[in-house]
Amino acid sequence: MKTDINKNEITNMNENIEDIKYITLLCNEKTDLILKTEFGIGRFKFIKFNELQGHLVLEFQLLNDNKFKDTSSIFSNMGNKCFLTIQQYLSVYS
């Protein structure tokens with residue numbers, strides 16, 4: 001039984017590595033995203049991959065951009081970090 005768990009963990013790690021390679025290419029092509037949050041629209045920059053509750057996520061940082069008037073509202077209510085799943089990122093990217 002323990003061997004099956006280890007095989008599953010290895011499979012998940014290999015899938016994550018492939019996902020990271022592909023998403024890294026996209027992030028290098030387009031490092032900034034414009035996101036609509038419940039507190040307004042802001043500009044975010046890709047920082048790194050992270051793990052949140054056992055899932056691979058992309059970490060973005062809110063940029064202080066004068067073109068987006070909601071930046072201070074987003075910062076006050078959400079902070080300066082945003083986490084997206086790979087599926088969310090791909091949806092926003094397209």
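**Close-up views of a predicted model**

View 1. Because Phe-46 belongs to strand E2 and Phe-60 to strand E3, the pair ties together parts that are 14 residues apart in sequence. Both Phe-46 and Phe-60 are buried. For Phe-46 the relative accessibility is 16%, and the residue counts as buried because the limit is under 20%. Phe-46, Phe-49, Phe-60 and Tyr-89 make up one aromatic cluster.

**View 2. The pairing of strands E1 and E2.** Strand E1 covers residues 32-37 and strand E2 covers residues 40-52. The two strands run antiparallel and are joined by six bridges. Within this pairing, Leu-35 stands opposite Gly-42 of E2.

**View 3. The pairing of strands E2 and E3.** Strand E3, residues 55-62, runs antiparallel to E2, and eight bridges join the two. Phe-44 has Leu-62 in E3 as its bridge partner. Two residues lie between the strands in the hairpin of E2 and E3, where Gln-53 adopts a positive phi near 55°. In a regular strand, side chains alternate between the two faces of the sheet.

**View 4. Thr-71 in helix H2.** Helix H2 spans residues 71-78 and includes Thr-71. Is Thr-71 buried or exposed? Its relative accessibility is 9%, so Thr-71 counts as buried, the limit being under 20%. Leaving aside residues up to four places away in sequence, Thr-71 touches Leu-62, Leu-63, Asn-64 and Asp-65. Among these contacts, Leu-62 is also the bridge partner of Phe-44.

**View 5. Two buried cysteines.** Cys-27 has a relative accessible area of 1% and is buried. Cys-82, at 11% relative accessibility, likewise counts as buried. How many disulfides does the structure hold? The number is zero.

Definitions and conventions
Residues numbered from 1 in each chain as written. Predicted model: local features only at pLDDT ≥ 70, side-chain atom pairs only at ≥ 80, totals over all residues. Heavy atoms only, no water. Pairing = 2+ DSSP bridges. Helix = DSSP H or I, 4+ residues; strand = E, 2+ residues; numbered from the N terminus. Disulfide = S-S within 2.5 Å. Buried < 20%, exposed > 50% of the residue type's maximum accessible area, 1.4 Å probe, protein only. Contact = heavy atoms within 4.5 Å. Phe/Tyr/Trp six-rings, centres within 6.5 Å; stacked < 30°, edge-to-face > 60°.
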